[in-house]
Structures are given as C-alpha cells and as structure tokens.
Amino acid sequence: MTEQTAEAKATAAASGSSATLRFLADKQSAGTTSKERVNTLATEVITAVHDVIRRHKVSYEEYNALKGWLIQVGQDGEWPLFLDVWIEHVVEEVASERLQGSKGTIEGPYYVPDSPVLEATATLPMRDGEPGTPLLFQGQVTGVDGKVLPGAVLGIWHADDDGYYSQFAPAIPEWNLRGTVIADDDGRFAISTIQPAPYQIPTDGSCGTLIAAAGWHAWRPAHLHLKVSAPGCRPVTSQLYFTGDEHIEDDVATAVKPELILAPVPAADGDGKQVTYNFVLDPAE
Ligand code: MBD
Ligand code: FE
C-alpha cells in the first residue's frame with residue numbers, strides 16, 4: 001500500500017509497486033524447498049528455455065529484447081501481475097487436483113488480509129452512491145459431508161464499476177468493496193455489494209507491452225474474489241464470474257471454470273440483482 005495523492009493516476013507502476021509490497025509483507029516465506037527439488041525445477045525451467053531458443057532460432061536481437069523486458073517488469077513492480085496472470089492458474093490446477101469441495105481458482109495480486117469484519121448479513125464498505133448495479137450475494141457454507149459450518153469466514157474483495165481495486169488504485173477509500181464476513185450459525189451469509197465491471201489489467205507497464213507486442217488483449221471477465229474458511233476445513237480461494245460476460249471465454253488470466261459462473265436474477269426487493277452460491281469445503285489435510 002502506498003500513500004497516493006488524490007490527483008495520482010492509476011498507473012501500472014503504482015499498482016505494481018503496491019502489489020509487490022503486499023506480496024513481500026504477506027507471502028514471502030523462508031523457503032523450505034530441498035536442494036534436490038530446486039536443482040530439478042531450476043534445471044528443467046532453464047532447459048525448457050534452451051529448447052525454445054534452439055527450436056525457434058532465437059536471435060541476439062530477440063534475446064536482448066527479452067532481457068530488457070524482464071528488467072522492465074521488475075522496475076514496474078509487475079512481477080506479481082505477470083506471475084498471477086500467466087503462471088498461477090497452473091499452480092492452482094495442480095494444488096486442487098483430487099479435491100472434492102467447491103472449485104477454487106487463482107488469488108491474483110490484489111488480496112489484502114484483515115479487511116473489516118462484518119456480520120453474516122452485511123453491506124460491503126462502499127462510497128455514497130457507489131456506481132454499479134446493486135448485487136445481493138448470498139449462500140451457505142458446508143463441508144463435503146453436507147454438514148453446515150457455523151462460523152465460516154468469507155473474505156471478499158472486488159473491483160469497482162470502473163475496474164479499480166481499493167488499496168491499488170488512487171482516490172478509492174481504503175477497504176472499499178472489501179470485507180471479512182462471518183457466516184451465521186447455519187453457515188449462511190448475505191452480502192450486499194455492487195456488481196463489478198469487466199476488468200483490464202494495467203496496460204501502461206511491461207505486461208501491457210507484452211500484450212501489445214504479442215497481439216493479445218488485457219481483459220478479465222468481471223469477478224468477485226473470495227477466500228472461504230472454517231475450522232477443520234481446507235480454505236478455498238475462488239473467483240465468481242457472471243454469465244454472458246464478454247470475456248468469460250478468453251480471460252487473460254485463464255482463471256474461469258464453468259462451476260464458477262453465476263447467473264444473477266432480478267433482486268426480490270426490485271433493486272438490482274441477486275444470486276445464491278453455496279460453498280462446500282474439503283476437510284483440512
Ligand atoms: C486481477 O484483478 C486479477 O484478479 C488477476 C488474477 C490478475 C490481475 C488483476
Ligand atoms: Fe481481480
């Protein structure tokens with residue numbers, strides 16, 4: 001989190017350095033990987049790069065372009081963005097093999113722990129007149145055995161109607177559209193928020209340079225991020241999408257799964273949309 005002035009723009013460098021600091025604060029672990037394992041993985045990654053160079057006859061010009069780009073990714077603070085967009089989905093795929101509960105997907109670079117704690121029926125922190133369609137997101141948390149999980153906790157965070165995340169874009173109040181919801185004694189929750197907008201990853205930094213150079217696009221479908229946990233259960237990190245979204249089939253981060261697509265209906269109170277989604281948690285390992 002950086003101190004940013006109200007006039008500051010949502011630049012790749014600003015959100016990149018925030019995401020980098022966030023990662024260093026929360027996730028960097030001392031590393032318990034054995035020498036044998038590091039040797040195997042590092043050797044195979046390097047060898048895979050050698051194979052690409054030989055197969056495609058990579059030139060010195062191309063090698064230097066890569067070198068310059070890699071240096072730039074670091075200078076922009078975009079390693080969290082690059083890794084979470086193009087690599088994390090396969091790590092998640094491997095990590096979730098053989099689980100029985102609700103599917104999860106990647107966390108991405110914009111989670112912040114310890115958001116404001118809210119009751120089971122709650123409205124996420126938002127600005128007066130927060131733009132966007134009101135959305136009531138409700139459901140229940142159970143175990144794979146079907147038993148309800150009282151005291152389940154749902155961390156929820158999502159972008160605003162312009163596709164910006166609090167703590168990573170300037171001029172948005174801290175914790176806007178972020179909360180830690182404590183489910184009730186039946187594991188139920190009912191969260192009032194707004195429907196997030198489709199989201200473009202920052203295009204003015206080195207990830208954007210790669211996207212433009214390769215002729216790709218920067219879009220992610222609109223999504224809610226969630227981390228759901230309960231005592232004795234394996235926490236699940238997920239994202240939920242919206243049916244009909246323009247980018248549901250071509251997410252730049254390859255993080256959509258069919259089980260994660262919501263189909264909201266008009267809200268019972270006539271104000272916006274509502275949708276029910278139940279979480280099923282695997283037992284802790
Ligand atoms: C996001 O909001 C996101 O969820 C991912 C995975 C990558 C970049 C921005
Ligand atoms: Fe996101």
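Reader: Which residues are around ligand 1?

Author: A residue is near a molecule if one of its heavy atoms lies within 4 Å of it. Around ligand 1 are Leu81, Val85, Ile106, Gly108, Pro109, Tyr110, Tyr165, Tyr199, Ile201, Arg220, His223 and His225. This is a predicted model, in which local features need pLDDT of at least 70 and side-chain atom pairs count only at pLDDT 80 or more, while totals for chains, interfaces and linings use all residues. Residues are numbered from 1 along each chain as its sequence is written, chains are lettered from A and ligands numbered from 1 in the order in which they are written, and side-chain values use heavy atoms, with hydrogens and water left out.

Reader: What lies 2.9 Å from an oxygen atom of ligand 1?

Author: A polar contact is a pair of N or O atoms within 3.5 Å. A polar side-chain atom of Tyr165 lies 2.9 Å from an oxygen atom of ligand 1, and side-chain N or O atoms of Arg220 and of His225 are each found at 2.9 Å from a ligand oxygen as well. The protein buries 100% of the 260 Å² that ligand 1 exposes when taken alone (Shrake-Rupley method, 1.4 Å probe).

Reader: Which residues coordinate the iron ion (ligand 2)?

Author: Donors are N, O and S atoms within 2.8 Å of the metal (3.2 Å for Na, K and Ca), and since water is not among the atoms, sites may look incomplete. Here the iron ion is coordinated by Tyr165 (OH), His223 (NE2) and His225 (NE2), at 1.9 to 2.1 Å, with the spacing Y-x57-H-x1-H along the chain.

Key: Polar contact = N/O pair within 3.5 Å; in protein donor to acceptor, adjacent residues only side chain to side chain.
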